[in-house]
Amino acid sequence: MTERILSASAALSEALHEEMKRDETVFILGEDLTAHAGLFGQFKGLPENFPDRIIDTPISEAAIVGVGVGSALTGMRPIVDLHFSDFVTCCMDELVNQAAKIRYMFGGQVKMPLVVWCPDGAGIRAAAQHSQSLEAWFVHVPGLKVVVPSEPADVKGLIKSAVRDDDPVMFFQNKNLFSRQGPVQKEEYLIPLGKAAVKRQGKDVTLICYGSGYYLCLEAAKILAGQNIDAEIVDLRTLKPLDMDTVISSIKKTRRAVTVHEACLTGGFGAELCALIQEELFDLLKAPVKRVAARDVPMPFSPAMEDFCMPKVADVVEAARSAVSWTASR
Amino acid sequence: MAEDAGMLLELYNRMVTVRTFETVAGEYFAAGEIPGFIHLSIGQEASSVGVCSCLQADDYVITTHRGHGHMIAKGADLKRMTAELFGRKTGYCKGKGGSMHIADFSIGILGANGVVAGGLPIIAGAGFSIKMRKTDQVAVCFFGDGAANRGTVHEVMNLASVWKLPIIFALENNQWASTTPLEVSCAVEDISCRAAGYNMPGVVVDGNDLIAVRKATLEAVERARSGKGPTLIENKTYRIRGHFEGDPQKYRAQAEITPWQEKNDPIKRMYDYLVTDGILDEKMNLKIWDDAAAALEEAISYAKDSPFPEPEEALEDLFVNP
Ligand SMILES: Cc1ncc(C[n+]2csc(CCOP(=O)(O)OP(=O)(O)O)c2C)c(N)n1
């Protein structure tokens, strides 16, 4: 096995090159894709190498996803790019009432091999309408799969699986992570949807995360190690289907857990994890499960306010410490 | 109809102010002093100033991500705008909005919008409320050629026309939507021809000619105020700058931009018009530009001297009754 260091963007583009070469029915549809190889340069090389299969659209999100749904129903494997994940709001019917339900409503007659690629996340001073992390909305919709990778290697392995999957997949990539580098295996590989990864072994507390939350946990685990707290990191990678087995076996070992995500707190995926964990492991837990998340406000523009709203490494450290030092008051 | 010389001079002045604001904002953005993204309206001043010059103080305007010009044209305060771009507590939105989300409800500006065409459904509500409240106000929504392809535009234009709402759809067709040229995304050259499908007037206007913009807008405003319903005005113009500041612009050549800068600059055209008519001379012109520069300098100092919001202020303003 040979490894190279790639950015998340390069990993994405490499994966899509491989998939588009392998399968002629794969194509990419969205706004402003060809001029600069995607808004973030994330599709580098694809406009040159597949000029007929990466296609600029009018600013018509409902039509973009509609074309995705209709072509998925009729033999193609579309990837639609939503420019900023915030614009899912402009095509919610196509995503939620159509893509998610068509196979089921029609009694399983058809497949819906659609990938919806959504760059999300805050921290670039883009304010309230360009900074959201909305993955939990889609987890709540039966019929959609939800993938939120963190490291470049995960991006590559998961997008390939998403493209090959016969169901609609919401694929969220944090825009702050596009330039993050990481080792990516040269030989072809897939990462199955619904498989979490234990990315750091530890015995004191389990940090459950995905997407940008992973990097917060990585930093936090180093700091915690200096304080004699040995954190285990479970990177979920896919929220739906969810790999609860990996979460449970980790918490069985550590008996404490903290959930970490960039989306805001209330109704976030952390809440779902807390519910599942207490159902399975109530007797075993040594402390309440803590959630680290963004503040429950739209993202403000001014830097210090935005930084204040976003979850930070220190929040993860604090939550882990409080879990470890928790003593029952009754 | 002959236009009043003093007023034309004032509108020229306002175009110069918009241009100066945009130029200075671009410089401070390049210097890293303005966070986030800014989208400049350089070259589109005849549209913003021309349309807003036909409005009363209590008329409504909704603008876009490229909204600085519309704000200034409707009478926004340069200091509070600048402070908002700089993310300061004294800005229009206390630093919560930034360039893409400025508003001044006290002068009828119902907000800039970061969602393309996001303002259009809302303008229908403003128009409907005018009708319900039986005032003589009108409501203007600026939007781009790119925005014209959102499906909500269809819903709103039909509804506004069938309900005869007092709305002016002010389309600024600047030929580009981000990296996408009009011909790639739009089946017609004149988007205003779509108005026929809604049984409302649709007019093509030389959007870099202030007087032509005013003429079309005055008619549309008159129609709206007299209860006859909406008009779609298509101001043909050109986006001189990149989509956002810092846009690498690999999709177009300078040769395409140059004629718009040299021959078709709305400010130069108005200058020529005013000089030919003996309304403006070079000395007055220099003073207009100097005064605009001084006003901007003052606004920048105001912004820079203003405090940033405290981080915790991020939690304020979400609900009236939390
Ligand atoms: C619903 C939505 N889709 C996409 C975008 C990204 N975006 C921002 S501005 C823009 C181009 C808008 O073009 P146009 O409406 O012509 O206005 P202009 O920028 O030319 O003033 C795009 C695609 C967005 N902000 N909102």
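**Note on the predicted model: sheets and helices of chains A and B**

1. Pro192(A) is found in the loop between β8 (181-185) and β9 of chain A; helices (H or I, at least four residues) and strands (E, at least two) are DSSP runs, numbered from the N terminus. Pro192(A) is partly exposed, with a relative accessible area of 46%; buried means under 20% relative accessible area, exposed over 50%, and partly exposed in between (1.4 Å probe, protein chains only). Leaving aside neighbours within four places in sequence, Pro192(A) is in contact with Leu158(A) and Ser161(A), where contact means heavy atoms within 4.5 Å. The C-alpha atoms of Pro192(A) and Ser161(A) are separated by 6.0 Å, although the two residues lie 31 residues apart along the chain.

2. On conventions, this is a predicted model in which local features need pLDDT of at least 70 and side-chain atom pairs count only at pLDDT 80 or more, while totals for chains, interfaces and linings use all residues. Residues are numbered from 1 along each chain as its sequence is written, chains are lettered from A and ligands numbered from 1 in the order in which they are written, and side-chain values use heavy atoms, with hydrogens and water left out.

3. In chain A, 5 strands form an open sheet in the order β9-β11-β10-β13-β14, with mixed pairing; two strands pair if DSSP finds at least two bridges between them. The edge strands are β9 (197-200) and β14 (290-294) of chain A, each of which pairs on one side only. From one strand to the next, the twist averages 25°; axes are lines fitted to C-alpha atoms, for helices over the stretch in contact, and angles run from 0 to 180 degrees between N-to-C directions.

4. β9(A) and β11(A) pair in the antiparallel sense over 3 bridges, and the bridge partner of Ala197(A) in β11(A) is Asp235(A). α8(A) packs on the sheet and touches β9, β10, β11 and β13 of chain A, its direction making about 170° with that of β11(A). Helix α10 (residues 269-281) of chain A also packs on the sheet, touching β10, β13 and β14 of chain A.

5. Is strand β10 (residues 205-209) of chain A mostly covered or uncovered? β10(A) is mostly covered, as 5 of its 5 residues are buried. Val205(A), Leu207(A) and Cys209(A) point one way from β10(A), and Thr206(A) and Ile208(A) the other way. β10(A) runs parallel to strand β11 (residues 231-235) of chain A, joined by 5 bridges, and Ile208(A) stands opposite Val234(A) in β11(A). Another 4 bridges join β10(A) to strand β13 (residues 257-264) of chain A, also parallel.

6. In chain B, an open sheet of 5 strands has the order β1-β2-β3-β7-β6, with parallel pairing. Its edge strands are β1 (60-62) and β6 (202-206) of chain B. Strand β2 (residues 139-144) and strand β3 (residues 167-173) of chain B pair in the parallel sense over 6 bridges, and the bridge partner of Phe142(B) in β3(B) is Ala170(B).

7. Two helices of chain B deserve a separate point. The axes of helix α1 (residues 5-30) of chain B and helix α10 (residues 266-276) of chain B come within 10 Å and cross at roughly 155°. α1(B) and α10(B) are therefore roughly antiparallel to each other (angles under 35 degrees count as roughly parallel, over 145 as roughly antiparallel, 65 to 115 as roughly perpendicular and the rest as oblique). Among the residues of α1(B) that meet α10(B) are Leu8(B), Tyr12(B) and Arg19(B).
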